[in-house]
Amino acid sequence: MPLKRVITVCMGSSCFSRGNRNMLPLIQSYLSTHQLEDEVILKGSHCFSNCSEGPVVKIGGRTYTRVSGERIPEIMEIEFGDLKQIEDGTSAQNQQ
Ligand code: FES
């Protein structure tokens with residue numbers, strides 16, 4: 001069984017007030033729409049000490065800065081586009 005990918009949303013006061021409080025439902029919606037909830041651990045974190053670049057979201061080994069709601073679909077596609085479910089219920093990474 002592959003390891004779950006971890007999404008960590010900074011909930012420090014700076015990122016929270018600059019919009020990260022709005023990222024959680026957007027991320028959850030993407031995961032739900034693409035049936036990825038079981039593939040991912042979604043959690044919040046204290047300040048990443050990168051406030052000037054916030055809002056900050058980490059996914060696996062990557063750090064995304066200046067995240068906005070408009071960027072969430074693009075970021076999620078980069079990170080999870082290979083895993084999302086397609087219409088026949090199989091994962092896209094098995095379609096090669
Ligand atoms: S509050 Fe998010 S990096 Fe500091």
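The contact is made by M23, L26, I27 and Y30 of α2 with I72, P73 and M76 of α3; residues are in contact if their C-beta atoms, placed from the backbone, lie within 7 Å. The model is predicted: local features need pLDDT of at least 70, side-chain atom pairs count only at pLDDT 80 or more, and totals for chains, interfaces and linings use all residues. Residues are numbered from 1 along each chain as its sequence is written.

**Packing of α2 and α3**
- The two helices, α2 and α3, pack at an angle of about 45°, and their axes are 10 Å apart.

- I75, M76 and F80 of α3 (residues 72–80) are buried, with 20 or more other C-beta atoms within 10 Å of their own.
- Seen down the axis of α3, these buried residues fall within an arc of 100°, so they line one face of the helix.
- On the other side of α3, P73, E74 and I78 are exposed (12 or fewer such atoms).
- The cover over the buried residues of α3 includes α2 (23–33) and β4 (62–64).

**Residue C47**
- C47 lies in the loop between β2 (40–45) and β3 (57–59).
- C47 counts as partly exposed because it has 15 C-beta neighbours inside 10 Å, a count between the limits for exposed and buried.
- Leaving aside neighbours within four places in sequence, C47 is in contact with C10 and G12.
- G12 is 35 residues from C47 along the chain, and their C-alpha atoms are separated by 4.3 Å.

Technical notes: Helices (H or I, at least four residues) and strands (E, at least two) are DSSP runs, numbered from the N terminus. The arc is that of the directions from the helix axis to the C-beta atoms. Two residues are in contact if their C-beta atoms, placed from the backbone, lie within 7 Å. Axes are lines fitted to C-alpha atoms, for helices over the stretch in contact, and angles run from 0 to 180 degrees between N-to-C directions.
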